[in-house]
Amino acid sequence: MKLLHLDSSILGDNSASRAISAAIVSSLTKADPSLEVTYRDLAAEPLAHLTLDVLGNPEGTPELAQFLDADVVVIGAGFYNFSIPSQLKAWIDRIAIAGKTFRYTAEGPVGLAGDKKVYVALARGGYYGEGQPAAAFEHAESYLRAVLGFIGVTEPTFVLAEGIAIDADTRAKSVAAAIEEAGSLAVAA
Ligand SMILES: Cc1cc2nc3c(=O)[nH]c(=O)nc-3n(C[C@H](O)[C@H](O)[C@H](O)COP(=O)(O)O)c2cc1C
């Protein structure tokens, strides 16, 4: 089985989502050492914005093939300006392709990538869970669930770390809890 590991945080070694996505990959590969891991750092090697040329020839760039080829995808994402890093959006723009990962039918759109298991490590500076005053500003988890569901990945697993920007202690506890949660994901691999 092939695992595609993506990171998109711009914060390098200080990134919470990178630490958590690495913990997810570590757990999954411990459970199944035969997993073939491909790593892409979308911040270090950013994709350009989507253009008509790329959209017209999605097989001309490797992202779609790499995604279609993967059985498991682990995505690390920071919560930036209420949404995902634009580096990750540029990647999504290359894999959400009609006829490849979804198609339109008379009954509505059908996802074609439902054979994949997707894990998302998402780190948010504040609190955006249900019932929080800022819940309506959460456009990262909600967006990723929407677009992944659209292409057929209806049950992605999110590992969240919240309150990262509150203070050092809150951050440390939140990241540690997420890393611990990541450890138990090995069972689902
Ligand atoms: C450019 C930028 C924008 C951010 N915007 C928000 C925001 O809108 N809401 C929030 O709660 N935290 C925000 N934060 C804090 C991040 O969500 C937090 O630092 C988180 O750890 C980012 O993930 P990362 O550490 O993996 O990069 C922002 C951070 C950066 C660098």
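Questions and answers on this structure follow.

Author: This is a predicted model, in which local features need pLDDT of at least 70, side-chain atom pairs count only at pLDDT 80 or more, and totals for chains, interfaces and linings use all residues. Residues are numbered from 1 along each chain as its sequence is written, and side-chain values use heavy atoms, with hydrogens and water left out.

Reader: In what order do the five strands of the open sheet lie?

Author: Strands are DSSP runs of E with at least two residues, and helices are runs of H or I with at least four, numbered from the N terminus. Two strands pair if DSSP finds at least two bridges between them. The pairing in this open sheet is parallel, and the order is β2-β1-β3-β6-β7.

Reader: Which strands are the edge strands?

Author: An edge strand pairs on one side only. That applies to β2 (36-41) and β7 (157-161).

Reader: Which residue in β7 does Ala-123 stand opposite?

Author: Strand β6 covers residues 117-123 and runs parallel to β7, with five bridges joining the two. Opposite Ala-123 stands Ala-161.

Reader: Is Ala-22 buried, partly exposed or exposed?

Author: Ala-22 is found in helix α1 (residues 16-31). Buried means under 20% relative accessible area and exposed over 50%, with partly exposed in between (1.4 Å probe, protein chains only). Because its relative accessibility is 37%, Ala-22 counts as partly exposed.
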